[in-house]
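Hi,

Here is the structure I promised to pass on.

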Amino acid sequence: MALWAQMTQQLQYLSTQMMNELYPETFPLDIRHYLASWIEEQGWENFDLDKIEQEPHARMLLEQMMHLLQEVAKQNHNVVERVKLQHISRNLVMFQPQPLNLVRTVRDMLRKEKQLLARGIHSNFQQPMHQSTSASNDTVQQPRDDPKTDVDNLVMKVLEIQNCRQTLYQMQEELNWEKQEAEPMSGQNDLDHQNPDKAARQNKIQQLGFNCSICAKKRLQLLQEAVCALERCQSCLLHKIKSWRWEQHRATIGLHFDDNLSPLQTWCEQLLGVNGNLRQEIMLVKKDHREDFEFHTLEESLERLLQALIQSSLVVDKHPPQVIKTQSKFSTTVRYLLGEKIAPGKPVMLKTQIITEAQAKNLGQQGIVPNENVGDLINSTAILEHNTSSKSTCGTFRNMSIRKIKRADRKGSESVTEEKFSLLFTTELTITGCERPYSIQTISLPIVVIVHGSQEINAMATVVWDCAFSEPNRIPFVVPDRVPWKQMCSALSSKFMSEVQTQRALDGYNLHFLAQKIFDQPDIPGDYSNMPVSWAQFNKEVLPGRNFTFWQWFEGVIDLTKKCLKEYWSEGLIFGFIGKQHLHLILDSKPNGTFLLRFSDSEISGITIAYVEFSDNGGRRVQNIQPFTKKDLDSVGLGDRILDINCISHLYPEYPKQKVFKKFSTVPSTPNADGYIPFKLTTVVNAGDPSTSSSSMQPQTDPSSGLYHAGSPFHNMNPDVFPPQPSHATPPYMPEHSMSVPEPLFSSALQSNPEDMDMDAVDMILQICQTTTKT
């Protein structure tokens with residue numbers, strides 16, 4: 001009771017607004033006053049309000065509270081107070097369906113009292129509770145925009161309306177009884193008007209009539225307030241559903257997305273229940289009120305809210321692939337959040353059709369299902385089925401396929417991989433408690449339909465641009481043609497991390513080089529953040545001096561890293577994207593043999609090794625080994641190749657390669673059971689070849705003059721497949737070979753007729769293979 005003793009000294013400083021907020025109608029000040037000691041002795045903070053198994057304990061506290069109030073009322077000699085306490089005790093019945101709401105109400109009240117006392121300045125008590133600056137952890141309020149709190153308050157409002165109706169009926173019954181009892185007295189002559197019993201009964205009838213009138217007006221007011229509160233709460237719900245869909249859309253480029261729909265489903269079900277209860281209360285109040293009252297306004301509002309809730313509860317849980325090849329199978333899942341409320345009877349059938357971007361726009365504006373069929377879908381129907389374990393109602397299309405597609409007329413240079421479609425899902429269902437069926441629909445994320453695998457990369461560029469740069473609540477499927485580079489940076493880094501499945505993002509150096517690449521400004525070290533990058537620069541125009549676009553090149557790096565280099569990248573062993581100017585800058589002061597791994601900027605899906613060595617004129621130069629492709633790394637891993645190359649020793653800045661890459665080396669094969677001796681492919685770089693092109697690191701040399709070359713890094717042992725290079729040819733990059741064997745030995749040893757083979761040459765080859773295997 002110590003807390004209440006302090007509060008009573010401060011009540012005089014509280015405004016009416018704060019008093020009403022502290023002690024609402026559901027838990028008036030009288031309960032706090034008369035049961036102060038008992039209230040403060042209970043463990044309200046020990047409850048976990050999310051656990052339904054704690055309801056029996058909460059119900060026990062509710063019964064104790066009601067019993068104590070009745071006892072206090074019996075002992076109170078003030079008739080007015082006694083009746084008031086009895087009335088308050090009866091009103092607590094509203095907590096019986098959800099006793100944990102009583103715990104929440106009392107706990108929040110005690111927290112607010114502690115918070116007010118902690119501030120301790122009388123003038124501050126004039127501020128509303130929601131304007132308080134800070135509080136300790138045990139006095140923190142729930143935020144006002146907490147949806148759970150809003151729904152709880154809405155449910156309590158409905159309970160208050162139902163309780164008000166019951167109280168009104170009780171008062172009307174008592175009034176009718178008193179009027180019936182007063183009828184015999186009405187026939188007495190006027191001299192009896194001074195009869196004290198008759199006068200008392202008439203006063204009681206007048207008072208009951210007045211109370212009924214007040215209660216009826218309160219009932220109507222509560223109904224109006226509840227409908228407004230429902231509209232606000234449902235508006236918040238629909239916003240959350242749109243946000244969920246938006247985050248689901250953005251997840252395509254790797255942004256975080258929580259796909260759990262259970263909280264939204266619970267929210268939908270609660271609001272549907274509130275809507276039904278309010279419609280029932282309006283039907284009852286219409287029978288009780290004969291005077292002109294605009295009930296139709298409340299009914300129209302509830303019907304409008306009901307239709308919006310039923311329509312918005314159909315969502316695509318698992319979207320189809322956003323790039324779909326004709327004649328190939330794919331799947332998708334649609335979920336209905338009000339599935340448990342569907343009226344029993346015939347099964348609900350979901351239908352699907354392909355719509356164009358123009359049809360999707362008209363659908364959003366008019367809500368009309370398009371009649372024109374632009375695609376031939378196979379297995380385009382599914383039944384909404386309820387799963388009792390997951391409490392979800394879904395329709396799953398498992399083996400859909402697009403047989404053919406009708407293209408729209410393209411404008412200008414627009415290609416088929418820039419044309420966006422969507423899947424439209426429609427159904428008709430009836431909700432329990434509703435008189436008529438509702439037609440509902442939803443669409444998938446935009447998809448691009450292709451007919452050949454070679455179109456996939458360009459189609460994915462369309463999808464990435466749409467998901468990364470479209471705005472919320474857009475008209476389908478509008479997307480800007482230009483975006484700031486800083487926005488592009490975020491999208492590229494997220495997509496890279498998502499596809500590679502790594503936590504290491506692209507750093508500032510990588511992104512700066514990508515900007516230089518897409519803007520074709522390799523020598524400008526400035527800030528590109530606010531420079532606009534267009535869709536054409538992203539994936540329509542080829543890069544200068546190349547035959548591929550920026551996205552095709554970037555996607556190739558993603559694919560190579562995902563399949564061959566994930567561990568190397570995640571551990572920071574690959575520098576990644578780096579320009580020539582920056583490459584010379586960081587390697588200029590490093591010892592010979594220092595190397596770094598960078599993605600090739602001249603070849604799709606390539607990674608190369610740049611390292612420092614002495615040049616012929618006594619200076620130093622940067623050499624770039626021809627890029628390794630996925631095919632190369634599938635035959636020999638990057639770790640083995642680095643360990644084989646003798647002219648590199650330390651990974652930038654100064655990590656010994658043996659220590660860093662040892663764990664990536666493969667274990668030598670054991671002799672085969674069939675008697676064949678295993679061999680090992682070894683990477684060799686002819687670092688001293690004078691014909692090798694390189695980039696000089698003399699200070700007066702333009703760094704951009706360095707030559708970066710592409711090619712296949714590994715020479716197979718079969719000379720018919722990879723014939724020797726003519727001596728007069730100048731290799732465009734540093735050559736590398738595996739198991740250098742003299743050409744005459746190859747020619748004599750690999751004769752088509754085994755009987756004519758040079759056995760001395762065969763023995764020599766076997767010795768070389770054994771030596772290579774040991775090393």
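K391 sits in the loop between strand 7 (385–387) and strand 8 (392–405), and has a positive phi of about 55 degrees although it is not a glycine. Helices (H or I, at least four residues) and strands (E, at least two) are DSSP runs, numbered from the N terminus.

Before you go further: this is a predicted model, so local features need pLDDT of at least 70 and side-chain atom pairs count only at pLDDT 80 or more, while totals for chains, interfaces and linings use all residues. Residues are numbered from 1 along each chain as its sequence is written, and side-chain values use heavy atoms, with hydrogens and water left out.

On confidence, the protein averages a pLDDT of 81, and 81% of the residues score at least 70 (pLDDT is the predictor's confidence in each residue, from 0 to 100). Over residues 689–762 the pLDDT is below 50, and this stretch has 128 contacts in the model beyond near neighbours in sequence (contact means heavy atoms within 4.5 Å). Residues 768–775 also have pLDDT below 50, with nine such contacts. Where pLDDT is low, the predicted coordinates should not be read in detail.

Four strands make an open sheet in the order 6-4-9-10, with antiparallel pairing (two strands pair if DSSP finds at least two bridges between them). Strand 6 (381–383) and strand 10 (438–443) are at the edges with a single partner strand each, so one side of each has no neighbour in the sheet. On average, neighbouring strands here are turned by 25 degrees against each other, direction ignored (axes are lines fitted to C-alpha atoms, for helices over the stretch in contact, and angles run from 0 to 180 degrees between N-to-C directions). Inside the sheet, strand 4 (residues 349–356) and strand 9 (residues 421–429) run antiparallel and are joined by six bridges; K351 has T426 in strand 9 as its bridge partner. Helix 11 (residues 295–312) packs on the sheet, touching strand 9 and strand 10, and its direction makes about 45 degrees with that of strand 10.

Helix 13 (residues 456–469) has ten of its 14 residues buried, so it is largely enclosed by the rest of the structure; W465 and F469 are among the buried ones. Helix 17 (residues 550–564) is mostly covered, with twelve of its 15 residues buried, including W551, W553 and F554.

There is also a hairpin: strand 15 and strand 16 form it with five residues between them, and G618 in the turn has a positive phi of about 90 degrees. Strand 15 (residues 607–614) pairs with strand 16 in the antiparallel sense over five bridges, and Y611 stands opposite Q623. In strand 16 (residues 620–624), four of the five residues are buried.

S605, in the loop between strand 14 (594–599) and strand 15, has a positive phi near 60 degrees and is not a glycine; at 17% relative accessibility, S605 counts as buried. A cis peptide bond joins P476 and F477, with omega about -15 degrees, and the bond from Y652 to P653 is cis too, with omega near 5 degrees.

Cheers

Note on methods. Buried means under 20% relative accessible area, exposed over 50%, partly exposed in between (1.4 Å probe, protein chains only).
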